[in-house]
Amino acid sequence: MESLSIKKLADLDASGRDQAVEIFTDAFLRSLQFMSKDQTRLTRALRHAFVGDQFYTAVENGKVLGIFAYSTNLARAFSFDKQIFQKEFGRIKGSLIYKVLHGELGKPLDFNDHQCYFESVATAREARGRGIATLLNNHLIAELDYDEFILEVVDTNTSAYRLYEKLGYTEIKRKKQRLFPKLAGFNERIYMKRGKG
């Protein structure tokens, strides 16, 4: 992994930013299918929403291999534009998509100043099992000036849950998925946290 570098999304060119969005849409396709099953269309519709300074990427030989975003009580990793969704999906569906995504990923977090929330962790298919998420996690914890790091994993993603346990996270609560758990692909969201050290 010597040729791997970690860069903010804001420091990538347009191709690198598109690769990052493609990794996101591939990893979260099941959750995004209410928008479209066409990954190219999803990438095009979501490209605008990624806040460049809140996303970190692992890059090797010009190829983005993983993404890791963070949000705080002052800044979220996503900023959605309703007009872009309306242009892509039509006025009514675009407005509905905006409402759902803003409610899930755009609303301010009720966190303290010393807390940080990790989200949108994903690795390119061809790079899975190489420790990319671990590398990004460790980099952000070292780089960011927060005392407590919180993340969420769904109950069906047991490999991610085990990874986060190895990285020092402990479970703090579970929240049932009330709306369409079969469609969402999980029954509970599990929240985990760890400290700086």
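A salt bridge here means a side-chain nitrogen of Lys or Arg within 4 Å of a carboxyl oxygen of Asp or Glu. Keep that in mind for the close-ups below, which show a predicted model.

**View 1. Four charged residues join up in a network.** E171, R174, K176 and E188 are linked to one another through a network of salt bridges. Across the whole structure, there are 14 salt bridges.

**View 2. D26 pairs with two arginines.** Start with R125, which makes a salt bridge to D26, with 2.9 Å between the closest N and O atoms. R125 sits in the loop between strand 4 and helix 6 (132-143) while D26 belongs to helix 1, so this pair ties together parts that are 99 residues apart in sequence. D26 also forms a salt bridge with R128, and here the closest N and O atoms are 3.6 Å apart. R128 is in the loop between strand 4 and helix 6 and D26 is in helix 1, so this pair ties together parts 102 residues apart in sequence. R125 is exposed at 57%, and R128 is partly exposed at 43%.

**View 3. A salt bridge runs between two strands.** K193 and E148 form a salt bridge, their closest N and O atoms lying 3.4 Å apart. The pair links distant parts of the chain, with K193 in strand 7 and E148 in strand 5, 45 residues apart. K193 counts as partly exposed, at 30% relative accessibility, whereas E148 counts as buried, at 16%.

View 4. In soluble globular proteins, nonpolar side chains tend to be buried together.

**View 5. Zooming in on F78.** Leaving out residues up to four places away in sequence, F78 touches F24, A49, F50, V51, F55, L105, G106 and S120.

**View 6. Helix 7 has its buried residues on one side.** Within helix 7 (residues 158-166), A160, Y161 and Y164 are buried. These residues cover an arc of only 105° around the axis, which means they are on the same side of helix 7. The buried residues of this helix pack against strand 4 (115-123), strand 5 (148-154), strand 6 (170-176) and strand 7 (188-195). After helix 7 comes G168, with a positive phi near 95°.

View 7. F34, L96 and V100 make a nonpolar surface patch of about 250 Å². F34 lies in the loop between helix 2 (29-32) and helix 3 (39-46), and at 35% relative accessibility this residue counts as partly exposed.

**View 8. L29 and its contacts.** L29 belongs to helix 2 and is partly exposed, with a relative accessible area of 21%. Not counting residues up to four places away in sequence, L29 touches K37 and L42. V153 is 124 residues from L29 along the chain, and their C-alpha atoms are separated by 16 Å.

Terms used:
Residues are numbered from 1 along each chain as its sequence is written. This is a predicted model: local features need pLDDT of at least 70, side-chain atom pairs count only at pLDDT 80 or more; totals for chains, interfaces and linings use all residues. Side-chain values use heavy atoms; hydrogens and water are left out. Patches are made of residues with over 30% relative accessible area and no salt bridge: like charges are joined within 9 Å, nonpolar side chains (Val, Leu, Ile, Met, Phe, Trp, Tyr) within 5 Å. Accessible areas come from the Shrake-Rupley method with a 1.4 Å probe; for residues, only the protein chains shown count as cover. Helices (H or I, at least four residues) and strands (E, at least two) are DSSP runs, numbered from the N terminus. Buried means under 20% relative accessible area, exposed over 50%, partly exposed in between (1.4 Å probe, protein chains only). The arc is that of the directions from the helix axis to the C-beta atoms. Contact means heavy atoms within 4.5 Å.
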